[in-house]
Amino acid sequence: MAVGTVVSRATGLFRNVLQAAALGTGLLATTYNTANVVPMSLYTLLIGGALNSVLVPQLVRARAEHPDGGRAHEQRLVTLVLAVLAVGTLLSVWAAPQIVALYTPDTPRTHTAFALTVVFARFLLPQIFFYGLFFILGQVLNARSKFGAMMWTPVLNNVVLIAMFGLYLGLLAGPDRIEDITPGQIDLLGLATTGGIALQALALVPFVHAAGFRFRPRFDWRGSGLGKSLAAARWKLLFVLANLAAMTVVTHYAGAADRQLPTAGVGYTGYSLAQTIWVLPQSIVTVSLVTALLPRMSRAVAEHRLDDLRSDLSRALRVSGVLIVPAAFFFVALGPQTAQLLFAHGSVNAASAAPAGHMLQAFGLGLIPFSAQYLLLRGFYAFEDTRTPFWTGAGIAALNIALATACHLLLPARWAVTGMAAAYTVAYGAGLLLTALLLRRRLSGRLDGRRLCRTYGKLTGAAAVAGAVAWAVARACSGTPVPHFWAPVLALVAGGLTMAVLFVALARLLKVTELRTLPGLR
């Protein structure tokens, strides 16, 4: 799973590099990126939020307890999900202007950007159905303990988008302003982006067939037990609403920064690119662990083995921390060089890539609580408890909105969105403390807290020292007379290698036993 995720994220990173080169990081790119974030948001709101947290534990339980091995339950569930998504997709395409208005205001001054975002949204909103098809088929495979296909098929989507942005760069004269984009360019961006998601979803069909799943629509939902799923999902829906509210507010404020400085890269596109890089370690390490552990933790709860659940959570936190903690400090130390290397190409120069680097630094340390909180929430989901995660998520969202609003009102446009990235870090730090306290109460007052604090304390100390030295090394390299392209390469290679070697040495000196989980460090 981790290998598949690495390949998927690596090709996704290359896709984002090409996208930035093709569209830039200013207002034009923000119209596309805003429209492209809407389908996943609406999918999550319609049904996606319930899949991982509620439906996987119930699929596992149905396979273990139902006389038919859970086949009928799966058929009903897949039918319900696809029916909801089909209706939701059609309504969303119809209501595209009203949906886009939540993210981008339609005023005389901003109407051109608003209209282009609506056009992109009509092309991209059909992704809602294909996201749902991908995730429900993936969960059917996960319930059978088959995890690889879901990690690999996103590579197909990335290949389609890489080809599309490569074509856009190679054959088309990319516009600098939203007024200059042509209908042909809009068609290419819209059709290829949605086509990639469709291919990603349909590629899972042979795998679920090979796993023994045969789809037959079943609408006999009454009395089937799906009511329990829907009742549990209502709290997950509220959780998703809280997160979407925070994301919508940040997107709205970040778009305002783009409209003030339309070519400076200080708004939503810079924020989304920085967040995409920042979340990579969590996506590779933590998500892979959770995908494998959630069915196992659900079985432990069903069999009243709380010690096993506690042990699984503790080990997952400690093992993931070996990579998550140094990655967080790497972003703080070398964020600007990372952004310059990845994004200062094509339509983006070093000056317009710089804000994304500063945002990456501001996100940096938030990776630790973000990843840990993501893991701890799965402890509640194993109990089929979605109410507690809602309250913690609502608290995080409220704090994030309050801090983002302060940044929007008090900071200049150049730094407002960087401040919002820092606000995200603070909000998740507070959320982790609340989540840990509540889960400890659920686990009879014990969460292996001493061992976790000891391990994370050692990891933080080692990573902080290594990061400080890496920053100094990268800064020293900045004065080296090399061609412009090679300056960030030299700084990243020198600083990154220094940090990696020093972190491993200090972690071994501090006797961080979890270091042995890394290949080659046993």
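Predicted model: local features only at pLDDT ≥ 70, side-chain atom pairs only at ≥ 80, totals over all residues.

Colleague: Which ring does the charged end of Arg378 sit over?

Modeller: That would be Tyr374, with 3.9 Å to the ring centre.

Colleague: OK, on to aromatic pairs. How many are there?

Modeller: The count is 16. Take Phe330 and Phe331: their ring centres are 6.0 Å apart and the planes are at 70°, so they pair edge-to-face.

Colleague: And is Phe331 buried or exposed?

Modeller: Phe331 is buried, at 6% relative accessibility. Phe330 has 23%, so it counts as partly exposed, because buried means under 20%.

Colleague: How are the rings of Phe370 and Tyr428 arranged?

Modeller: Edge-to-face, because their planes are at 70°, with the centres 5.1 Å apart. This pair links distant parts of the chain, 58 residues apart: Phe370 is in helix H16 and Tyr428 in helix H18. Phe370 is buried at 14%, and Tyr428 is buried at 11%.

Colleague: Switching to the core, which residues touch the most other members?

Modeller: In the largest nonpolar core, with 139 residues, they are Phe165, Leu189, Tyr271, Trp278, Leu309 and Met420. Helix H14 gives the largest share, 14 residues.

Colleague: What does Met420 touch?

Modeller: Leaving out residues up to four places away in sequence, its contacts include Val250, Tyr253, Tyr271, Asn400 and His408.

Methods
Residues numbered from 1 in each chain as written. Heavy atoms only, no water. Core = buried A, V, L, I, M, F, W, Y, C linked by side-chain atoms within 4.5 Å. Buried < 20%, exposed > 50% of the residue type's maximum accessible area, 1.4 Å probe, protein only. Helix = DSSP H or I, 4+ residues; strand = E, 2+ residues; numbered from the N terminus. Contact = heavy atoms within 4.5 Å. Phe/Tyr/Trp six-rings, centres within 6.5 Å; stacked < 30°, edge-to-face > 60°. Lys NZ or Arg CZ within 6 Å of the ring centre and 35° of its normal.
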